Amino acid sequence: FGWMMTTGFVTTEIVGIPHPGKDPAFWEQACNAHRHKACTVWVGFLNTECERGSADSCLKMGTVTNLGVLVPREPAAAGRGFGRACDLGERKGCVLFVDFVKDGGDRVLAASCDKGDAYSCFYLATALHLGKGVGQDDSRALSLFEFSCKEGYVRGCGVAGEMVLNGHGAAAD
């Protein structure tokens with residue numbers, strides 16, 4: 001029983017003690033202590049929390065995946081993290097997203113988008129629509145928003161609809 005308690009085998013539901021592994025801060029600390037696979041688990045937590053609307057987690061995920069020190073560098077994940085942080089109102093995320101796009105991130109997002117990643121398409125379209133880090137191109141942005149919509153990213157549907165309604169990238173309809 002002692003082994004089961006210390007390894008987390010016994011869950012909260014069984015004995016009522018919360019396991020520290022449910023807290024992303026636990027994995028961040030383990031990552032900083034260079035524990036085996038802790039960084040990968042931490043980035044997974046950050047990604048999940050980012051998808052749930054945590055701007056701070058998106059910003060951390062973008063930064064960690066862009067640096068490639070604690071986990072292998074994943075530029076597309078970094079761009080999506082910075083873009084989502086910006087979307088959620090994190091000003092630093094907006095600055096980092098624009099810098100990312102200016103430094104070739106548009107090509108990284110385009111390559112990921114070409115492989116069917118709806119999120120990368122959405123954030124590339126956002127940069128193109130707003131002219132942030134790249135030249136403004138509403139026609140291309142609209143097609144990318146529509147693609148992200150078709151691939152299941154609902155936010156792409158909303159922005160595409162607004163663009164058509166307002167005549168951005170296509171005739172107003």
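I take a residue as buried when its relative accessible area is under 20%. The model I am reading is predicted.

**Entry 1: Thr 65**

I looked up Thr 65 and found it in helix H5, which covers residues 55-67. Its relative accessibility is 1%, so I record Thr 65 as buried. I then followed its side chain, which reaches the backbone nitrogen of Ala 78 at 3.2 Å. Setting aside neighbours within four places in sequence, I listed the contacts of Thr 65; among them are Val 43, Val 71, Pro 72 and Ala 78.

**Entry 2: Aromatic pairs**

In one of them, the ring centres of Phe 82 and Phe 100 lie 6.4 Å apart with planes at 65 degrees, so I note the pair as edge-to-face. Phe 82 belongs to helix H6 (residues 75-87) and Phe 100 to helix H7 (residues 91-114), so the pair ties together parts 18 residues apart in sequence. I find both Phe 82 and Phe 100 buried.

I turned next to Tyr 119 and Tyr 153, whose ring centres are 4.5 Å apart and whose planes stand at 50 degrees, so this pair is tilted. Tyr 119 sits in helix H8 (residues 118-130), while Tyr 153 sits in the loop between helix H9 (138-150) and helix H10 (154-166); the pair therefore ties together parts 34 residues apart in sequence.

Is Tyr 153 buried or exposed? I read 10% relative accessibility for Tyr 153, so it counts as buried. Tyr 119, with a relative accessible area of 37%, is partly exposed. I also note that Tyr 119 and Tyr 153 belong to one aromatic cluster with Phe 97, Phe 122, Tyr 123 and Phe 145.

Technical notes
Residues are numbered from 1 along each chain as its sequence is written. This is a predicted model: local features need pLDDT of at least 70, side-chain atom pairs count only at pLDDT 80 or more; totals for chains, interfaces and linings use all residues. Side-chain values use heavy atoms; hydrogens and water are left out. Helices (H or I, at least four residues) and strands (E, at least two) are DSSP runs, numbered from the N terminus. Buried means under 20% relative accessible area, exposed over 50%, partly exposed in between (1.4 Å probe, protein chains only). A polar contact is a pair of N or O atoms within 3.5 Å; within protein, one must be able to donate a hydrogen and the other to accept it, and residues adjacent in sequence count only if both atoms are side-chain atoms. Contact means heavy atoms within 4.5 Å. Rings of Phe, Tyr and Trp (its six-membered ring) pair if their centres lie within 6.5 Å; planes under 30 degrees apart count as stacked, over 60 as edge-to-face and the rest as tilted.
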